[in-house]
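Hello,

Here is the structure I promised to pass on to you. Have a look at it first, and my notes on what turned up follow below.

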Amino acid sequence: MNKHLSYLITAAIITSCSTNPYKKSEKEYSTKLKSLQVEMAVKKPEPLPAVDKVVISIDSAYSKQLYTFKDSIFKIGSTQLNNGIQTEWISTVNFNLRKPNFIIIHHTAQDSVQQTINTFTKEFTQVSAHYIIADDGHVIQMLNDYLRAWHAGAGSWGKNTDINSASIGIELDNNGIEPFSEAQITSLMALLSKLKKDYNIPPQNIIGHSDIAPTRKKDPSAQFPWKVLAENGFGIWKDDILPLAPFDFNPELALRIIGYDTKNYNAAITAFKLHYMPQEVNAVLDQNTINTIYSIYLKQ
């Protein structure tokens with residue numbers, strides 16, 4: 001009996017001292033997390049093509065906010081599910097940060113860059129963006145591209161109903177009435193060039209706030225030069241000579257395929273025309289509008 005008990009004790013000691021078979025992967029997992037945390041916390045200015053000066057300004061509260069993510073991403077313990085099952089943690093070594101797939105362009109509808117910065121650095125406003133571009137072309141970054149800004153609000157594009165989680169938000173200092181300056185658009189295209197390259201964002205996914213929220217938003221305004229952007233590879237544009245839509249062409253279905261939410265059909269038509277027909281922003285669905293929808297539909 002004593003001999004048998006001795007065997008059991010010895011086995012227990014050996015088991016308790018055995019090497020964790022996943023120790024190596026867990027170590028690599030932790031190392032990668034630390035490097036990603038450093039990447040998310042980068043606050044250094046980055047040069048953009050065709051822009052002389054780029055200043056990145058980040059509020060000191062930014063670093064504090066990062067710690068709320070640190071507690072979550074470094075958690076590797078087990079979790080009990082509501083059916084009583086306890087999850088087991090085994091670290092993978094194959095992962096990275098999620099990359100944005102959309103760029104949403106806004107105008108601030110405020111009086112100055114400083115006013116917008118104040119809005120984005122006050123917690124009670126619950127709104128932010130990754131970048132602000134001033135009228136003189138000055139670029140301010142307020143959030144790392146890999147993190148989720150609160151710029152889109154309720155809206156959708158195609159089947160994506162959480163635009164904030166999949167996008168980068170760019171705010172242009174503009175009250176919604178005045179024209180956008182050449183310096184501002186030049187800096188915007190320089191920034192878009194970098195972001196498009198960094199994250200392999202397709203041209204079709206560079207859109208406006210009004211595109212994703214047609215019932216709520218009108219930005220960027222009809223003054224925004226979407227055609228100029230599309231000519232430089234940032235977005236798409238209608239053909240100079242519009243193709244004639246087939247007799248059985250369904251413009252509502254086409255708008256949905258492009259990405260618009262057509263539950264409010266008139267709002268979707270108006271948002272489409274704000275983007276592609278800014279000279280006549282209304283809900284009139286005439287043949288010219290149908291042909292324009294068809295032209296954009298063919299580019300999807």
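**A loop residue to start with**

Glu88 sits in the loop that runs between α3 (61–73) and β1. Please keep in mind that this is a predicted model. Is Glu88 buried or exposed? Its relative accessibility is 66%, and because the cut-off for exposed is over 50%, Glu88 counts as exposed. Gly77 lies eleven residues away from Glu88 along the chain, and the C-alpha atoms of the two are separated by 7.7 Å.

**The chain as a whole**

The protein chain contains eleven helices and five strands. Of its 300 residues, 41% are buried. If you take the contacts between residues at least 6 apart in sequence, 66% of them join residues at least 24 apart.

**The helices towards the end of the chain**

Two packed helices are described by the angle between their axes and the distance between the axes. For helix α9 (residues 251–258) and helix α10 (residues 265–276), the axes come within 11 Å and cross at roughly 65°. The crossing in which α9 passes α10 is left-handed. On the α9 side, the contact is made by Pro251, Glu252, Leu255 and Ile258, while α10 brings in Tyr265, Ala268, Ile269 and Phe272. By type, the residues of this contact of α9 with α10 are seven nonpolar and one charged, with no polar ones.

Helix α11 (residues 287–297) is largely enclosed by the rest of the structure, because eight of its eleven residues are buried. Those buried residues of α11 are Thr289, Ile290, Asn291, Thr292, Ile293, Tyr294, Ser295 and Ile296. Both α9 and α10 are among what covers them.

Sorted by type, the lining of the second largest pocket has five nonpolar, nine polar and four charged residues.

Best wishes

Note on methods: Residues numbered from 1 in each chain as written. Predicted model: local features only at pLDDT ≥ 70, side-chain atom pairs only at ≥ 80, totals over all residues. Heavy atoms only, no water. Nonpolar A, V, L, I, M, F, W, Y, C, P; charged D, E, K, R; others polar. Axes fitted to C-alpha atoms, helices over the stretch in contact; angles between N-to-C directions. Helix = DSSP H or I, 4+ residues; strand = E, 2+ residues; numbered from the N terminus. Left-handed = near helix turned anticlockwise from the far one by under 90°. Contact = heavy atoms within 4.5 Å. Buried < 20%, exposed > 50% of the residue type's maximum accessible area, 1.4 Å probe, protein only.
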